[in-house]
Amino acid sequence: MTRQLMHELDKRYQTYLCDESRLLGAAESVSFPENEDEIVAIIAEMRRERVSVTVQGGRTGLAGSAVPLRGHVMNLSRMNRAEAPQRREDGTWAMTVQPGTTLMDLRRAIWGARVEAPLFWPPDPTETTATVGGVVSCNARGLTAMRYGGTRDHVEGFRLVSADGDAKAVVRGEGALHPNCGLDALDLAVGGEGMFGVISELTLRLIPKPPEMWGICFFFGGRQSLCAFVDRLVSVPPHAGASLAAMEYLDRRAIAIVEERKATVTSIQGLPAVDPAAPAMVYVELHGDGEEAIAELAESLMEIAVGAGGDPDRAWAVSGEAEVERLRAFRHAAAESANLLIERARRSDPSIVKLSTDMSLPGLPFSAALDLYETGLAREELDACVFGHLPENRLNVNLLPRDRDEYLRGRRLIAEWAAQVIALGGQPVNEHGVGKLKRDLVAKCSAETRWHALRRCKTALDPEEFWNPGNMF
Amino acid sequence: MTPPQPRPAPAALHGPDGRDEWKRGWKHILVYLECRDGAVHPASLQVLRKARELAREAGFAVHGIAIGEDRELLRALLAPYPLERVYLCQTKERHFLAQAHSEPFIRCVWRLRPSVVLLAATPVGKAIAPRLAAAFGSGLTADCTDLEMRDNTDLVQVRPAYGGDVMARIVTTRSRPQFATARPDVMPSQAAVADPGVEFVLEESDASPETAVTLLKTEPRRETHDITRSEILVVAGKGLRRLEDLELLRELAELLGSELAGTRGIVERGWLPADRQIGLSGKSVTPELLIACGVSGSVQFLEGVRQARIIIAIDSDPDARILAVAHYPILGDLYKIVPALIARLK
Amino acid sequence: MMRIAVCVKQVPARSEGMMDPATGTIRREGLAAVINSYDLPAIETALRVKQRVATEVDVFTMGPTKAVAVVREALGMGVDRGYLLSDPRFSGADVFATAYALVQGMRTVGAYDLLVCGKQTTDGGTSQVGGTIAQMLGVPHVGRVTKLVDADRRGVTIVQELERELLTLRVGFPCVVSVEPGIFTPRLPSLKSKLAAAKRQVTILSLQDLGDADPTHYGVKGSPTRVEKVYPAALTPRRDLSAMDAETAADLILGQVRRLTRPGGAR
């Protein structure tokens, strides 16, 4: 080895002990491998020394998955090379990238490859500095999963370095990693939070960009009309040539924390002020083959909005990717602003970390989901902002505790919600990962879930907790 | 509005493309010398020097034109510069009004028939230039960063486009005069010389043209402290140990006449206000020079400085990402380098 | 009724940059086309004047057929009528030929009291079309407008930002103003008006619709300037990492600072 791979985790590397969850961990050493051989060499050494390994990408996770508790941190941000997209015989497109490629770099690489049709990789958790490896490991679906499907639909295969220092290719449908697992190896690792090895390369499925897209922000005068609108919205059937690609919600508090930062953030600076009287915003994206088809769909949404008591003169509507990106930036700023407020709280009490949810409540009216959260918040008198995906009521409740007491009450409240959500047939954890902050929430599920299957695999494949100790189980 | 009376290019100014004899009828270079607050605008002196270079190649003279309310003052300001002749035009208004300044300028150009008319691309220059070019129906190239003269007196004008990603080389081959504005602070400046013997010509000052523009009020422009508008930026990163140490960088920023900005980490620590944060969750900046002090170079940060022209980074960690990206990566101790720099600047 | 015209342009979206990262050449194809972002505050300014005075606001652009999209965008924001100057013989126009065509186009519709332009475009970025139009019309032009103080049927009161001072000016109609991007935050189209805009008619003006139909006055032929060559801007070269003592480093930094502050070395 010519390059020094391992560094003692001294003051210079403090950054690598935390992620967006703001959880602060501990580790003895850190490495920044640049290729698979280096990963293999590091893993071999760690294995010999019996030092556990925590794997990181962009450190944008919200559940602390990338935060080490001990041992070694392997940061993959320097494995960020992307090959040009390849057209395969069946006309579909694939692209091979290293796991540390950020979503932003991925987009640039696709653009730079000058393929005939504009292509994209659909998973978009709005945080563009997230890495492909992280998105896949968390199974983060992002905004447009309702049109394009989940992350696992867009991963063709990958290379996995396992604890025995072996690097092998994992391809869809090739069977289980271990006879005890039951799950397909690829499905195991997508959303597997790095529990079975480190991904050293991924082959992604790219699809053509929709020729046309619109973004619309609806505002409603009151809660009743808002809820009526959302309940009708989630059951809008796709129109010929166009469909809803995203449906997002931002409550008043979420809007307010974004508005506060507008003057200081370039990406949202040019947007007009949201009417301070609007109790919430519903953001939808329509993707389709042409302007006409989308306009037709938009027309039907307008009718629904009017029927629910909304005012279409107050709804914002933009078209084209560049303009749609501006509205997405507003939505993304909600998450970012909530993280910022947590950091502010940490200055008074460093034990405070991210307190947010990504539970789903399929089949329930939107008002029931809102009620669930708002009742708890009111009872506990806690500050929070609520935003997130509307399909299956996948709302992110971000608690904004000001001190330790509020933080602890918030934690209890989230645990309470998890129990209620499970009872109502929902999932307590979805796309932010279980990580270190949400283990007790998933453990509440008594029925068999994917998590239980994963746990069996983990026991079979990695009984000594070599990989990512403290995550998930 | 009265129906517009556009003036298409007067045919007399044009010659057949590809033949150059007619161009000989257009000689010399006329430079607009912007004077304000008792001084010649530095950008005008930069244009003057470039004009002299071009004139030397073509065997032209360099003439100047100055417009203001006090012609004696203009004469005193311009006397030390190497100009063949300077046309002094008087205006009634103390303040700049594009139309009032353009009219005498246009008359002067008509009489002189110069090959090239150069202005600095200041707010004033960029207000006058399109009026001149339109009056003659001739070519105007704005914000040139370089100029060259061909043997046939065609002026090669180089200017950035697409926000500076792209350069374009532009020529005006079929008409004269060739109008161009030059971006300030790109070209070297003309120094005063001893006894240049400038000939001053007082221009007929007929009544200023009727104008529908009335000045109601003037006030000094307040200095903005906007990191997106600063030419130079000093940026603090987490390599800074204590809040007090920020004063060191603040002092450096002040001595450089620049703004102090910070990374997300610094702003999250509460050391700098959010409007000074560079990066994806803050501002995208476009300085000519960015001095990064103790900045590790996260993806988030680097995204905000993609348009910075020159990045100098000081960091003590050889593995810091910023050192792999900066144009001038300095492996060193900012606590030693910054004080040394401050000492020099003082 | 008072009338305002706003001039807008369709430009390549350049969020990803114009340069091909692989070859270092300029990339034109495959770029989405958007409305020049500096034009949105110009449209907003016209609409704000409309809030104070009864007026009609029309928007003009010149470009290929697909540029109708930017006209629709303006219609969605609340502009009354849209005009697209489109003719193969208009293409390749420089500042002068662009301004001339726009003036001719506006003439076909009528006389305007106020013409509003954006500060510049994001592609050519000369910021000279407004002044050129004003000279062609023989009317005043005020650039770098940062504030609309007042507007009535006879004129506007505006603030112009020069290098060291702010001038508050009363400008009588007819006139041309070019507004800075910070003058107003442009509104977003409402859903209702965007849907209505999709169905609205946009008047296409071709060469034969113009008062001066001489093709040599337009496009490449009518342009006094010619772009000989377009090439990528030189990137600042990167130096290798070097360990430095304080004095050497201070010298290096100071050298760069001086290149900037003492003209002649920069860029």
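The legends below describe close-up views of a predicted model.

**Figure 1. Chain C as a whole.** The secondary structure of chain C consists of six helices and 13 strands. Along the principal axes, its C-alpha atoms fill a box of roughly 70 × 40 × 40 Å. Chain C has 267 residues, and 57% of them are buried. Contacts in chain C between residues at least 6 apart in sequence were also examined: 71% of these join residues at least 24 apart.

**Figure 2. Helix H2 of chain C.** This helix covers residues 68-77. Seven of its 10 residues are buried, so the helix is largely enclosed by the rest of the structure. The buried residues are C:Val70, C:Val71, C:Glu73, C:Ala74, C:Leu75, C:Gly76 and C:Met77. After H2(C) comes C:Gly78, which has a positive phi, near 120°.

**Figure 3. The interface of chain B and chain C.** Chain B contributes 98 residues to the contact, and chain C contributes 87 residues. About 8200 Å² of area is buried between the two chains, and carbon and sulfur atoms give 58% of that area. Eight salt bridges are found across this interface. A salt bridge also pairs C:Asp251 with B:Arg344, where the closest N and O atoms are 2.1 Å apart.

**Figure 4. A salt bridge inside a helix of chain A.** Side chains of opposite charge can pair when their charged atoms come close. Here the side chains of A:Asp105 and A:Arg108 form a salt bridge, with an N to O distance of 3.9 Å. Where do the two residues sit relative to each other in helix H2 of chain A? A:Asp105 and A:Arg108 are about one helical turn apart, because they are three residues apart in this helix, which spans residues 103-112. A:Asp105 is partly exposed, at 27% relative accessibility. A:Arg108 has a relative accessible area of 17%, and it counts as buried because that value is under 20%.

**Figure 5. A salt bridge between separate parts of chain B.** B:Lys346 and B:Glu251 form a salt bridge in which the closest N and O atoms are 2.7 Å apart. B:Glu251 belongs to helix H5 (residues 246-255) of chain B, whereas B:Lys346 lies in the segment after helix H9 (334-345), so the pair ties together parts that are 95 residues apart in sequence. Is B:Lys346 buried or exposed? B:Lys346 is exposed, at 69% relative accessibility.

Figure 6. C:Glu228 pairs with C:Arg226 in a salt bridge, and their closest N and O atoms are 4.0 Å apart. C:Glu228 is partly exposed, with a relative accessible area of 28%. C:Arg226 is also partly exposed, with a relative accessible area of 37%. Elsewhere, A:Glu20, A:Arg22, A:Glu343, A:Arg346, B:Arg264 and B:Glu268 are joined into one network by salt bridges that share partners. Over all chains, a search of the whole structure finds 78 salt bridges.

**Figure 7. Helices H6 and H10 of chain A.** Two packed helices are described by the angle between their axes and the distance between the axes. The axes of H6 (residues 223-233) and H10 (residues 366-380) of chain A come within 8 Å and cross at roughly 130°. The two helices are therefore oblique to each other. From H6(A), the contact involves A:Arg223, A:Leu226, A:Cys227, A:Val230 and A:Asp231. These meet A:Phe366, A:Ser367, A:Leu370, A:Asp371 and A:Glu374 in H10(A). By class, the contact has five nonpolar, one polar and four charged residues.

**Figure 8. Helices H7 and H9 of chain A.** Helix H7 (residues 252-261) and helix H9 (residues 321-348) of chain A have axes that come within 8 Å and cross at roughly 85°. At that angle H7(A) is roughly perpendicular to H9(A). H7(A) brings A:Ala254, A:Ile255, A:Ile257, A:Val258, A:Glu259 and A:Arg261 to the contact. H9(A) brings A:Phe330, A:Ala333, A:Ala334, A:Glu336, A:Ser337, A:Ala338, A:Leu340 and A:Leu341. The residues of this contact divide into 10 nonpolar, one polar and three charged.

Definitions and conventions:
Residues are numbered from 1 along each chain as its sequence is written. Chains are lettered from A and ligands numbered from 1 in the order in which they are written. This is a predicted model: local features need pLDDT of at least 70, side-chain atom pairs count only at pLDDT 80 or more; totals for chains, interfaces and linings use all residues. Side-chain values use heavy atoms; hydrogens and water are left out. Helices (H or I, at least four residues) and strands (E, at least two) are DSSP runs, numbered from the N terminus. Buried means under 20% relative accessible area, exposed over 50%, partly exposed in between (1.4 Å probe, protein chains only). Axes are lines fitted to C-alpha atoms, for helices over the stretch in contact, and angles run from 0 to 180 degrees between N-to-C directions. Angles under 35 degrees count as roughly parallel, over 145 as roughly antiparallel, 65 to 115 as roughly perpendicular and the rest as oblique. Contact means heavy atoms within 4.5 Å. Ala, Val, Leu, Ile, Met, Phe, Trp, Tyr, Cys and Pro count as nonpolar, Asp, Glu, Lys and Arg as charged, and the others, Gly among them, as polar. Buried area is the accessible area (1.4 Å probe) that two parts lose on being put together, summed over both.
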